[in-house]
Every structure is written in structure tokens, then in C-alpha cells.
Amino acid sequence: MTLADIDFAQRYRQHLAAARGQPKPPQAWDRRAGELGPRAPRSRYADDFIARMQLDGARTLLDVGCGAGTLALPLAARLQQVVGLDYSAGMLDALARNAQAQGVGNIQPLLRAWEDDWSDVPVCDIVVASRSTAVEDMAGALAKLHAKARLRVYLTHLAGGHFIDPAIQQVLGRTRPAMPGYIYVINILHGMGIQPSLDYISVPSQLAAAPDFDDYARRVARSMGGLDDDERGRLQAWYRRASPQERVGAPLRWAFIHWQKDGA
């Protein structure tokens, strides 16, 4: 057997089905969008992502899974038009509020899911999919990103398979299986005849920003699909005796994957 004999798209679907329960519906992200305050103009993650991009010759950008504008807002100042695509109407509303607050007028919101018909999604010079690729059909998603890019595609995919450090999961008495990693993405692209480049972005875990235990527990519960009373009690007892570094856990590591269209 060779690599060419392995159906990585099917292996990815099997791994994803084994690793997680039901995918988050748009309403879950709508609720989270309602919790967001005004978005800071930049973040360390956005700076690291944008620093790795090549914008030469680009005027338009499609941001798939744009959320409240982590990338769309800072990139809009350097481009003529940005299309922010998301399946959460609440996140697109947050994007619009943040754009208005920052005086950004060249972002077009577009309500679409990965599995929707993209026939009316505009082709743009650059396509990005930042932290939004935990999709059911990876091969189909990558084909859509490639088709909608005139010049280049940039995406990030979780490298370590966990949003919460497994050591913290063990405190609860249960662990979640690792999500399918970026190697699937690389191999599916290889099967499409695309030779991507690979880098990594590391950022502190989402737990680093928790100001108190209640918010810490909420963040853990969101990642773990909820906490029962016993799990919350174990987490609180451990939180009281853990060091600040132990509470935060290992940093999140994102695989930064990008490729250029033929002839671009």
C-alpha cells in the first residue's frame, strides 16, 4: 500500500466522527457573539497570521468563518474589499458593529455555511479560513477554498488535537479524543495536486484570559461539552491549589497552511 491508496478524506471523516459529538449549531455562536464586547483592533494571533501572508497584487479577500473580525478588520485597511463569510448571523452582526466602531466601510458580510451552495460567493484574490476548518467534509471545504481564490489560500488548523490541555481534562476525570490534525489537510491537498507550505502559530490557551474561576469553568465547559456538578467541584478544588501556569495549561498550536494558485 502507498499513500495514493489511502482515502484521507474518508479517514478524516471517520476520525472526526469518533472525536466529537454534535457540531455546534449557528445558534451557539450567535449566543457567544452576544457575549463579546468591542473587539480590540489587533491580537497576537492576528498579527502572527497576517505577518505570514503575502498581499502583493491582492485587492480582494474572502474570510471564511470570519467571526467578529479577528482578521477581516485589520486586513480591510490594506485591501479594497473584504467579504466576511460566516454561518452565524450573530457573529456577522458583531463584525458589523466592530467595523462601524473602527470606521471600516469595505467589509461585506455573507451568511453561508461550509455545506451551503457557494455558487454566488465571489472569487477573491486571497482566501483565508482562520481557525474555522473543523468541518464535516474536509475535501469539499478545501476544494471550495481553492476554487474561490485567484492568487493564494491561507488557513489554520488545530495542530495538537485539543483545545484544552489533556492534563486539565484529566482533572475532570475524563478526556476528549483528539480532533483530526493538520496532517489530514496536508495529505488531502497532496491528493488534489496541491503542494502547500506549512508553518505554526502558538498562542496562549483560551484559559489564560479567564479572570476568575467562574469564567475559567465556563471556558472549560464550553470546550468539554459541559460540566456536571461533580466535575465542576473537582475542577474548583484543583484550581485553588494549582499554579497560574498549571491553570493555563499548554499553549494552543495552530498549523498555518498556505498555497499559491497555479500561474499566480
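Me: Which residues have the most contacts inside the largest nonpolar core?

Reply: This is a predicted model, in which local features need pLDDT of at least 70, side-chain atom pairs count only at pLDDT 80 or more, and totals for chains, interfaces and linings use all residues. Residues are numbered from 1 along each chain as its sequence is written, and side-chain values use heavy atoms, with hydrogens and water left out. A nonpolar core is a set of buried (under 20% relative accessible area, 1.4 Å probe, protein chains only) Ala, Val, Leu, Ile, Met, Phe, Trp, Tyr and Cys residues joined through side-chain atoms within 4.5 Å. The largest nonpolar core has 35 residues, and those with the most contacts inside it are Val64, Leu142 and Leu145.

Me: Which helices and strands each supply at least two residues of this core?

Reply: Helices (H or I, at least four residues) and strands (E, at least two) are DSSP runs, numbered from the N terminus. On that basis, the elements that each supply at least two residues of this core are the helices α1 (8-19), α6 (138-147) and α8 (182-191) and the strands β1 (60-64), β2 (81-86), β4 (124-129), β5 (149-158) and β7 (252-260).

Me: With which residues is leucine 142 in contact, leaving aside its neighbours within four places in sequence?

Reply: Contact here means heavy atoms within 4.5 Å. In α6, Leu142 joins Met138 and Ala139 in meeting Val185, Ile188 and Leu189 of α8. With neighbours within four places in sequence left aside, the contacts of leucine 142 are Leu155, Val185, Ile188, Leu189, Met192 and Trp259.

Me: Against which elements do the buried residues of α8 pack?

Reply: The buried residues of α8 are Tyr182, Tyr184, Val185, Asn187, Ile188 and Leu189. These buried residues of α8 pack against α1, α6, β5, β6 (197-203) and β7.

Me: At roughly what angle do the axes of α6 and α8 cross?

Reply: Axes are lines fitted to C-alpha atoms, for helices over the stretch in contact, with angles from 0 to 180 degrees between N-to-C directions. The axes of α6 and α8 come within 10 Å, and they cross at roughly 65°.

Me: What relative accessibility does phenylalanine 49 have?

Reply: Tyrosine 45 and phenylalanine 49 are four residues apart in helix α3 (residues 44-51), and so about one helical turn separates them. Tyrosine 45 counts as buried at 4% relative accessibility, and phenylalanine 49 counts as buried at 0%.

Me: How many residues apart in sequence are the parts tied together by the pair of tyrosine 216 and tyrosine 239?

Reply: The ring centres of tyrosine 216 and tyrosine 239 lie 5.0 Å apart with their planes at 55°, so the pair is tilted. Because tyrosine 216 lies in helix α9 (residues 213-224) and tyrosine 239 in helix α10 (residues 229-241), the pair ties together parts whose separation in sequence, in residues, is 23.

Me: How far from the ring centre of tyrosine 45 is the charged end of arginine 131?

Reply: A charge sits over a ring if NZ of Lys or CZ of Arg is within 6 Å of the ring centre and within 35 degrees of the ring normal. Tyr45 belongs to a cluster that ring pairs form with Phe49, Tyr154 and Phe256. The charged end of arginine 131 sits over the ring of tyrosine 45, and its distance from the centre is 3.7 Å.

Methods. Buried means under 20% relative accessible area, exposed over 50%, partly exposed in between (1.4 Å probe, protein chains only). Rings of Phe, Tyr and Trp (its six-membered ring) pair if their centres lie within 6.5 Å; planes under 30 degrees apart count as stacked, over 60 as edge-to-face and the rest as tilted.
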